[in-house]
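Here is a short briefing to read with the model open beside you. Pick out the places as you go and see how the picture comes together.

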Amino acid sequence: MMSAIPDAVLDFIDVGEGPSARRIAVRHRAGHGSGHGPGVVWLGGFKSDMQGGKAVALDGWAGEHGRAAVRFDYSGHGESGGEFADGTIGRWLEDSIAVFERFCIGPQILIGSSMGGWMALLLAREIKRRQEKEQEKEQAKASLAGLVLIAPAPDFTEELMWKTFSPEVKKEIETKGFWLRPSEYGDGTPYPITRQLIEEGRNHLVLGGAIDLGCPVRILQGARDPDVPWQHAFALTHRLPADDVVLTLIQDGDHRLSRPQDIARILAAVAEIG
C-alpha cells in the first residue's frame, strides 16, 4: 500500500532591508530518492498567488513523482508581506532569487506563468551568471535544467501596459503616480498600476536582444489569450536560440491555461525536459 504524499511545508524568509524588508511565504517539498528528475520551481503571475490551480497541480505532480518542488508568493501577493503597490519587477526578482538560493538544490526546472514567464527568464539569466562566476571557485548548489513558460509576458510593463495605455491613463500615472486598473479577475477590485512599476520595469526588458540561457525552453500559449497576444510569445521565441525551444499554440486556449487538458500539457512539458 502506497503511503500518503505529505503536504508541502510552509516557510517564511526575510528579504530586503530597512523600509523594503518583507516576509516571503514559501511552500516547498523535498525530493525523495534518486532518479526522479529535476526539482520544479513555480513562478506565478501578476496579482496571482501560489494557491492557484496550476501551482497546486504542479506541486501535487511533484509529490507523486518524488520530485522537489518550490512555490512562493511575491511580496504584496498572497501570504507574503509587503504592499502590492510597492512592488516592481526588480523587487519581485529579488524575492525569486532569495527563494531559489534558499530552497533549491541540484538541477531545477523553472515554470513561469504570465509575469512569471518574465521572472523565469530573468532568474535563469541570473542563475547562469552566478554559475559562471562560481565555477571558478566551487560548484553552485543549484543549477538550471530548463524552462516551461505559460503565456509568458516578458516586458509586459512596457509592451502590454505602457504602450497600449491611452494618453489620459499615461497622464494620470505620471501626475498622480498610479492608475487604478479595472480587474476581470479575483473579486473584481481595481488595482494600482504605479509609475514606479512602469519605470523600474525598463531596467529588466529582455526582448531587445538575444536571450541565451543554455537550457531547453518549452512555451505554451493560448491563441485566444486576451491579455498576452500569441504574437508576444512568438516574438520571444525569436529571441531564444533555435535549438531545443518549442512553442505550442493552443488554438482554443485562453490566458489562464488552467483547464485539465492545459494542466496536462504543462506537466507533459515539464516531464519532457527531464
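**Leu257 and its setting**

Leu257 sits in the loop between strand 10 (245-250) and helix 8 (260-273); helices (H or I, at least four residues) and strands (E, at least two) are DSSP runs numbered from the N terminus. This is a predicted model, in which local features need pLDDT of at least 70 and side-chain atom pairs count only at pLDDT 80 or more, while totals for chains, interfaces and linings use all residues. Residues are numbered from 1 along each chain as its sequence is written, and side-chain values use heavy atoms, with hydrogens and water left out.

**Positive phi in loops**

- Most residues other than glycine have a negative phi.
- Leu257 has a positive phi of about 45 degrees although it is not a glycine.
- With a relative accessible area of 1%, Leu257 is buried (buried means under 20% relative accessible area, exposed over 50% and partly exposed in between, with a 1.4 Å probe and protein chains only).
- Lys47, also not a glycine, has a positive phi near 70 degrees.
- The loop that holds Lys47 runs between strand 3 (39-43) and helix 1 (53-64), and Lys47 counts as partly exposed at 43% relative accessibility.

- Thr88 lies in the loop between strand 4 (69-72) and helix 2 (89-103).
- The relative accessible area of Thr88 is 5%, so Thr88 is buried.
- Leaving out residues up to four places away in sequence, Thr88 touches Gln196, Leu197 and Glu200 (contact means heavy atoms within 4.5 Å).

**Helix 2 against helix 3**

- Helix 2 and helix 3 (residues 115-134) pack at an angle of about 60 degrees, and their axes are 10 Å apart (axes are lines fitted to C-alpha atoms over the stretch in contact, and angles run from 0 to 180 degrees between N-to-C directions).
- Helix 2 and helix 3 are therefore oblique to each other, because angles under 35 degrees count as roughly parallel, over 145 as roughly antiparallel, 65 to 115 as roughly perpendicular and the rest as oblique.
- Among the residues making the contact are Trp92 and Phe100 of helix 2 and Trp118 and Leu122 of helix 3.

**Nonpolar cores**

- In the largest nonpolar core, of 58 residues, Phe46, Leu110, Leu147 and Ile193 touch the most other members (a nonpolar core is a set of buried Ala, Val, Leu, Ile, Met, Phe, Trp, Tyr and Cys residues joined through side-chain atoms within 4.5 Å).
- Helix 3 gives the largest share of this core, 9 residues.
- Another core, of 21 residues, lies apart from it and includes Ala69 and Ile266.
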